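This briefing gathers computed features of one protein chain for use alongside its sequence and coordinates. The points below are grouped by topic.

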Amino acid sequence: MNFEYSQEAEYFRESFRTWLVANFPKEWNYEVTGEELVERRRTWGKMLGQGGWVAPAWPKEYGGLGLTLEQQLVYIEELVRINAPEVLNSNGIGIFGMTLIRYGTEEQKKHYLPRMLYHDDIWCQGFSEPIAGSDLAGLQTKAERKGDHYVLNGQKVWTSYAPYANKCYILVRTGESRYKGISLMILDLKQPGVTVRPIKNIAGESELAEVFLDDAVVPIEDVVGEINNGWEMANYSLANERGIHFAQRALKMQQEFQQLVSLFQKQMDIGNSQAISSVLQNKLVQSYLSCEILKSISLRNIALIAQGDDNGAIPAIAKLVWSESHQDLLNLGVEVLGEESLVKGEHEVWLQKFLISRAETIYAGTTQVQKNIIAKSLGLPSSKGGRA
């Protein structure tokens, strides 16, 4: 992000960079995928947690850094600069942690937040269902009160990190009302009645899973907030996810673009005809423009949040621009490499990223959903069958 930071933000940068220089493993000078990446993310999460650097947005009283939005941008810049992996518990810390801080009891905060920071508990999000993905309010997993606990029955799907998690923050139906009959609970995945079935993706990885619930138990003290107020909490959690999160994506995409430029240059040096193709070089220019557009949208979003203003459809615009242009960028990397991208070695990471990116126009709201949200903000009707 190219703008001037305050002196306070630069002081923070200096402090954080000093810690990173002293602690970031020097042997992590290459990118990895699959289970090796999972373990690297877990290790890095523990290191950041033990060093007190893992939760930039959390208040200090709960173990966070309590950073301003400006300082959070600096934090992200420094992590992207060294190509640090995303921590394994990013789902819990970045989404559910802030929700628990706002809506949870003091007992829940004291028990779960430290374990989340130190990666003693790994969290997944139990929202989507086979017939309730983008239409989340249509979820059917039921929770029935029986004495001092709730009994859960149903199915969740596309549950990120469930194969590695032991805890799940889950939305369940506790009432008949479409929006006012949903509750948020904390589910222990390591109990009878919970079956986690990994889903292997196109890249051969199993980050996602189906979660089947057959009389699974949630104690009454693990209900978050008020019963039937889950829809409000879900929206709050997703708003946190889509706040500064896109700035990180914009910075990461800029980094990948620079890697793509280097790739083109190396391929031209060895006479790769694809790299000197005017068609592909035009696509490279388009990727650069997309990076600049996403950066501008992300900065606009952060500025509105900082001012306390409504950011309207900007998160939907950012999601749409990022998902489609990121797919194009990674496709270009594979295109210029050709069959070389299929060979294990220094370039295989391009194919792996390309394959994983195929889902980016689907998860966290499909492209069609984002377009419907944008249409609604303009006073236009959404497409037939779509929900804005």
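F24 has a relative accessibility of 12% and is therefore buried, since the cut-off for that class is under 20%. These values come from a predicted model. W28 is likewise buried, with a relative accessible area of 15%.

**Aromatic pairs and cluster**

- The structure holds 16 aromatic pairs.
- One of them joins F16 and Y75, whose ring centres lie 4.8 Å apart with planes at 10°, so the pair is stacked.
- Because F16 belongs to helix α1 (residues 7-23) and Y75 to helix α3, this pair ties together parts that are 59 residues apart in sequence.
- F16 has a relative accessibility of 0% and counts as buried; Y75 is also buried, at a relative accessible area of 6%.
- The rings of F24 and W28 have centres 5.6 Å apart and planes at 85°, so this pair is edge-to-face.
- An angle over 60 degrees is what places a pair in the edge-to-face class, whereas stacked pairs have planes under 30 degrees apart.
- A single aromatic cluster is formed by F12, F16, W19, F24, W28, W44, W53 and Y75.

**Charges over rings**

- R40 is positioned over the face of Y30, at 5.2 Å from the ring centre.
- The charged end of R249 sits over the ring of W322, at 3.9 Å from the centre of that ring.

- Q72 is part of helix α3, which covers residues 69-81.
- With a relative accessibility of 10%, Q72 counts as buried.
- The side chain of Q72 reaches the backbone oxygen of L67 at a distance of 3.3 Å.
- When neighbours within four places in sequence are set aside, Q72 is in contact with P56, A57, L67 and I244.

**Annotated N-terminal span**

- UniProt, in an unreviewed entry, lists residues 7-117 as "domain: Acyl-CoA dehydrogenase/oxidase N-terminal".
- In the model, the end C-alpha atoms of residues 7-117 lie 28 Å apart.
- The span of residues 7-117 is 67% helix and 0% strand.

**The loop at S273**

- S273 is found in the loop that runs between α7 (245-269) and α8 (278-307).
- S273 and L380 are 107 residues apart along the chain, and their C-alpha atoms are separated by 46 Å.

Methods: Residues numbered from 1 in each chain as written. Predicted model: local features only at pLDDT ≥ 70, side-chain atom pairs only at ≥ 80, totals over all residues. Heavy atoms only, no water. Helix = DSSP H or I, 4+ residues; strand = E, 2+ residues; numbered from the N terminus. UniProt positions renumbered as here; feature names shortened; annotations may be inferred. Buried < 20%, exposed > 50% of the residue type's maximum accessible area, 1.4 Å probe, protein only. Polar contact = N/O pair within 3.5 Å; in protein donor to acceptor, adjacent residues only side chain to side chain. Contact = heavy atoms within 4.5 Å. Phe/Tyr/Trp six-rings, centres within 6.5 Å; stacked < 30°, edge-to-face > 60°. Lys NZ or Arg CZ within 6 Å of the ring centre and 35° of its normal.
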